[in-house]
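Please walk me through this structure, one part at a time.

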Amino acid sequence: MIELKNLTKVYGSKSRATTALSGLNLTVDKGEIFGVIGHSGAGKSTLIRCINLLERPTGGEVWVGGRNLTSLGKRELQLERRRIGMIFQHFNLLSSATVYDNIAFPLRLAGTDRTKLKSKVEELLSLVGLEAHSGKYPSQLSGGQKQRVGIARALASDPDVLLCDEATSALDPQTTDSILKLLLDINRKLGLTILLITHEMHVIQSICDRVAVIHEGGIVEQGPVAEVFLKPKHEVTKEFISRDVAGGDAPEVRIAGAAASSGRQAAETAALPYTGGAVFRITCLGENTYGTALSEVVLSTGVHFAILQGTVSTIKEVPYSQLTVSFTGAKEAVELAVAKLRERDFDVEVLG
Ligand SMILES: Nc1ncnc2c1ncn2[C@@H]1O[C@H](COP(=O)(O)OP(=O)(O)OP(=O)(O)O)[C@@H](O)[C@H]1O
């Protein structure tokens with residue numbers, strides 16, 4: 001649905017030039033929710049604004065729905081843009097217009113007749129749950145309600161694609177969750193392709209199918225959310241995840257006193273209690289998360305275990321657990337426990 005080929009954006013020129021995007025490639029499939037995460041200055045806003053050509057790329061191509069937008073003239077581009085809705089961090093509503101008129105705005109611009117306009121606005125008000133607020137002005141609405149208006153307005157032209165520019169960054173956690181749920185509902189009901197940019201892993205984890213990590217104007221890692229989230233490879237990805245899990249800057253896993261050989265293990269050998277046992281990271285995705293497989297394996301092999309760190313949560317409504325455990329017992333028994341866990345679809349990583 002969206003294909004970015006070798007996308008480049010340089011702001012300014014000569015000694016004042018800033019390269020915001022450097023030959024970026026990305027494909028978003030029809031009907032999926034795709035998240036791009038990155039730190040401040042990584043190029044997220046530039047990327048999303050280049051997709052509807054609010055920002056002209058310096059080089060490369062932007063394909064949406066099979067058309068190369070970068071090759072279109074003004075009039076054709078205007079028409080294609082109707083197939084791309086956009087919502088913004090600060091909502092960008094018309095302050096002097098009511099909720100109804102904000103939603104009706106793009107329909108009036110497109111010359112929609114009165115009867116059709118009224119029924120479309122009413123349908124959108126109901127979709128975003130604002131039927132009771134249609135006569136209010138933006139100043140009379142909460143942040144979450146304002147974003148609902150933004151979403152309804154973006155959907156007025158029946159777009160195929162919705163671009164979300166940090167759409168929940170100005171909202172509190174509870175309101176964020178209700179807006180994310182609305183986006184997920186819309187994606188499922190309308191089959192809308194959604195591309196969002198964010199600096200919050202929670203947003204990605206809640207609703208995205210796939211994620212790309214942007215750093216210094218390029219994609220450094222991408223894949224299905226569960227894969228990237230549970231097995232991050234790039235340092236920037238690991239940092240986002242450890243912040244999200246630990247709620248701060250703490251590294252993901254640290255083991256006090258254990259001998260370390262590899263770089264990754266060395267970085268992880270500092271803060272968890274030393275139990276004398278072998279340390280593993282055990283990951284489980286799906287219904288098995290709440291099952292008894294782990295205790296069955298442990299009981300059947302006679303090893304003892306201590307949980308050093310753990311998370312049980314969900315990735316887009318699918319449960320997962322990731323536990324750092326220390327196994328103590330005879331070497332053969334520990335090896336057997338690990339083999340049995342792997343047989344039962346647990347991912348077991350040796351940490352030390
Ligand atoms: N209009 C502009 N003129 C010059 N440089 C710009 C302009 N817009 C962005 N940049 C630069 O391009 C780079 C990428 O900026 P961009 O806003 O795309 O990053 P971002 O990931 O969205 O950051 P944030 O999360 O802080 O919004 C940064 O170095 C920024 O300073």
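Helix H1 lies across strands S3, S7 (161–165), S8 (193–198) and S9, and runs at about 155° to S8. Helices (H or I, at least four residues) and strands (E, at least two) are DSSP runs, numbered from the N terminus. Angles run from 0 to 180 degrees between N-to-C directions, and axes are lines fitted to C-alpha atoms, for helices over the stretch in contact. Two residues are in contact if their C-beta atoms, placed from the backbone, lie within 7 Å.

This is a predicted model: local features need pLDDT of at least 70, side-chain atom pairs count only at pLDDT 80 or more, and totals for chains, interfaces and linings use all residues. Residues are numbered from 1 along each chain as its sequence is written.

H1 covers residues 44–51 and also lies across S1, S2 and strand S4 (59–64). Its direction there is at about 60° to S2. Six of the eight residues of H1 are buried, so the helix is largely enclosed by the rest of the structure. A residue is buried if 20 or more other C-beta atoms lie within 10 Å of its own, exposed if 12 or fewer, and partly exposed in between; the C-beta atoms are placed from the backbone. The buried residues of H1 are Lys44, Thr46, Leu47, Ile48, Cys50 and Ile51. Just after H1, Leu53 takes a positive phi of about 60°.

Now the sheets. Strands of a sheet pair through backbone hydrogen bonds, either parallel or antiparallel. Here, two strands pair if DSSP finds at least two bridges between them.

An open sheet of six strands has the order S6-S7-S8-S3-S9-S10, and its pairing is mixed. Strand S6 (84–88) and strand S10 (218–224) stand at the edges, each with a single partner strand, so one side of each is left without a neighbour in the sheet. From one strand to the next, the twist averages 15°. Strand S3 (residues 33–37) pairs with strand S9 (residues 210–215) in the parallel sense, over four bridges. The bridge partner of Ile37 in S9 is Val213. S6 and S7 also run parallel, joined by five bridges. Ile84 has Val161 in S7 as its bridge partner. Is S6 enclosed or open to the outside? Four of its five residues are buried, so S6 is largely enclosed by the rest of the structure.

Another open sheet has four strands, in the order S2-S1-S4-S5, with antiparallel pairing. Strand S2 (18–28) and strand S5 (67–68) are its edge strands, each pairing on one side only. Seven bridges join strand S1 (residues 2–11) to S2, and the two run antiparallel. Ile2 stands opposite Val28 in S2.

Helix H4 (residues 114–127) has 14 residues. From its first C-alpha to its last it reaches 20 Å, close to the 20 Å expected at 1.5 Å a residue; the expected span is 1.5 Å times one less than the number of residues. Which residues of H4 are buried? They are Val121, Leu124 and Leu125. Seen down the axis of H4, these buried residues fall within an arc of 100°, so they line one face of the helix. The arc is that of the directions from the helix axis to the C-beta atoms. The buried residues of H4 pack against helix H3 (99–109) and helix H5 (143–155). On the other side of H4, Thr115, Lys116, Ser119 and Ser126 are exposed. Just after H4, Gly129 takes a positive phi of about 75°.

**Cores and the whole chain**

A nonpolar core is a set of buried Ala, Val, Leu, Ile, Met, Phe, Trp, Tyr and Cys residues joined through C-beta atoms within 7 Å. The largest has 70 residues, and Ile103, Ala152, Leu163 and Leu195 have the most contacts inside it. Apart from it lies another core, of 19 residues, among them Val279, Phe305, Leu341 and Phe346.

Lys331 is found in helix H12 (residues 331–343). With 8 C-beta neighbours inside 10 Å, Lys331 counts as exposed.

The protein chain has twelve helices and 14 strands. Of its 352 residues, 36% count as buried. The C-alpha trace spans about 80 × 55 × 35 Å along its principal axes.
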